[in-house]
Amino acid sequence: MSVSRRLVHLAIGVGLVCAGLLAGILLMLVFPVNESGSTSEDTRPRIELGGNTVALPPPSTPTADSVVASDGIPSLQGLNTAFRRVADRVTPTVVFLQVETERGSERSLRFDGDMERFLPPRPRQSVGSGVILSAEGHIVTNEHVVSRAQSIQVTLHDKRQYQGEVIGVDPSTDLAVVKVDADEPLPTVPLGNSDALRVGDWVVAVGNPFRLTSTVTAGIVSALGRQVDIIDDTFSIEDFIQTDAAINPGNSGGALVNLSGELVGINTAIATESGSYEGYGFAVPTQLMQRVVADLIEYGEVRRGYLGVSIEEVDATRARRLNMDRIQGVYVGTVRPGGAADQGGLQDGDVVLSIDGRDIDAPNMLQSAVAQRRPGETMELRILRDGQIQTKRVELMGREALAYQEWLSDLDNNEAPSPRPGPREDLPRDEPSDDEATVSLPSWGLGLRALTDVHRTAFGIDRGAYVVFVEKDSRAENAGVSRDVVLTHVDGTSVNDAEEVAERFKEATDPRVLVRVQRRNGTSAFYDIERP
């Protein structure tokens, strides 16, 4: 055979091999192979949180990982690039929420033109933020953002708008899930590990403060595992990330991310005296958020396991009384008979040192660890009893467990305990009560009392009126006011006592009265109460 013929045959062979490889690649693209090696024509759709992430833009300067130069000196250019890349990745996944709520459930007497008649309560609009977690349109936000929502308008970063629907809320963690039906898969933020955060880490907050959409601020992790008594719920679970990244009204429900652009928290609250940012913001960590969101998407509610104990902090006095060599763990005050802890072998007076190998040093850390597990799941607890370290395995029980029925019923019935049965019907409208201790404002739904020395010490203030009770479905409750706070201002002016509050309310002429209250932890809150 001639050389030319051999070359022709060789060329034909190479061509056939290339054609075969190309055909194989095309077949793989058209008919993907699953992990077992067989083609799958029909796979069950599954909600994947953080599964349609926005790609990072190619770096033209040092990457996010090269913030520190080779000589160990931080590179400002590298840090600048890291922030820019994070902003590019995260802002498309944060949405602007405009929520319309009804001020109350009762019809009110109002003027309609020249006629006085009963009309439905006027709607109120509030705003907040949300983070897209699934390409199918699941958005996580705060429960307080969408509470009592009649309609929710969701605006994406690219200005597209959709109507949102609340598919589940969890007041215990102040989280909620809103669903939109988009015309194409939505970008999602990748989920990070909040347990890997350390104090001093850089973080970035993305949200919509004061209606300023797609605002990006930066700061550091100031503290971890904070409990600040902001969530008003019987089973409140607070294990906040504290950050000094600027967070303001409208940021609630927005994203807190690390320098890899991964979601590590949902911005929830600020500690402030002025109502705006003062250096302290708090976010729900993603490890807790993921557990809550998964249940809300699947069941519409959180199926939470309960340990069945009352717990207290271990302070220096208690550690000394228990002959502990250092202050650690969480003290078990009582164990509910027949509950999960009881069946797992825990006793009154035990000290829980760790759960599944993670050290526990505060009651809210134990609550958070339990809250991340469902009924039927087991936990390994390392405890201290009579100076000896023991290990116990506990299987959590749900709300439906017989051992918890009476306990949970009592808690539900006493969720907002009142020191008195309610305002007396024979009292003049909005006039101080004959009872020397309490000033009753029935049309507002408030009971106020003069500050005692105990209140002054607990709240750290000398003036104001202590809120004794808030009537159910009243104007005050619909505005969000809770009991066990001190009302300090009415329409921007400070008040000295309960009688002065009553007088200011009577003199109010605007449709709504803005009140400021102070909580026991020193934080302030503002509420807009509709005037009767």
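Among the contacts in the protein with a separation of 6 or more, what share comes from residues 24 or more positions apart? The share is 58%, where contact means heavy atoms within 4.5 Å.

**Before you start**

You are looking at a predicted model, in which local features need pLDDT of at least 70 and side-chain atom pairs count only at pLDDT 80 or more, while totals for chains, interfaces and linings use all residues. Residues are numbered from 1 along each chain as its sequence is written, and side-chain values use heavy atoms, with hydrogens and water left out.

**Stop 1: the whole chain**

Show everything as a cartoon. The protein has 11 helices and 27 strands; these are DSSP runs numbered from the N terminus, with helices being H or I of at least four residues and strands E of at least two. Of its 532 residues, 45% are buried. Here buried means under 20% relative accessible area, exposed means over 50%, and partly exposed lies in between, with a 1.4 Å probe and protein chains only.

**Stop 2**

Zoom in on strand 11 (residues 240-243), which pairs with strand 14 in the antiparallel sense over three bridges. Pick Thr243 and look across to Gly281, its bridge partner in strand 14.

**Stop 2: helix 2**

Select residues 76-90. Color its buried residues, among them Gly78, Leu79, Arg85, Val86 and Val90.

**Stop 3: the cores**

In soluble globular proteins, nonpolar side chains tend to be buried together. A nonpolar core is a set of buried Ala, Val, Leu, Ile, Met, Phe, Trp, Tyr and Cys residues joined through side-chain atoms within 4.5 Å. The largest one here has 33 residues, and those with the most contacts inside it are Val131, Leu133, Val140, Val257, Leu263 and Met289. Elements that each supply at least two of its residues include helix 2, strand 8 (175-179), strand 9 (202-207) and strand 13 (263-270). Helix 4 gives the most, with five residues.

Center on Val131: leaving out residues up to four places away in sequence, its contacts include Thr93, Val140, Val189, Leu263 and Ile266. Then move to a second, separate core of 26 residues, which includes Val439, Leu487, Ala502 and Ile529.

**Stop 4: two hairpins**

Strand 6 (residues 149-155) and strand 7 (residues 161-170) pair in the antiparallel sense over four bridges, and Thr155 has Gln161 as its bridge partner. Five residues separate the two strands of this hairpin, and Lys159 in the turn has a positive phi of about 80 degrees.

Carry on to strand 8, which pairs with strand 7 in the antiparallel sense over five bridges. Asp170 has Leu175 as its bridge partner. This hairpin has four residues between its strands, with Asp174 in the turn at a positive phi of about 60 degrees.

**Stop 5: loops**

Pro190 sits in the loop between strand 8 and strand 9. Is Pro190 buried or exposed? Pro190 is buried, with a relative accessible area of 12%. Draw a distance to Ser260, 70 residues apart from Pro190 along the chain: the C-alpha atoms are separated by 9.3 Å.

Arg211 lies in the loop between strand 9 and strand 10. Its phi is near 65 degrees, a positive value in a residue other than glycine, and Arg211 is partly exposed at 42% relative accessible area.

**Last stop: helix 7**

Finish at residues 363-371. Helix 7 is mostly covered, with eight of its nine residues buried; Met365, Leu366 and Val370 are among them.

Note on methods: Two strands pair if DSSP finds at least two bridges between them.
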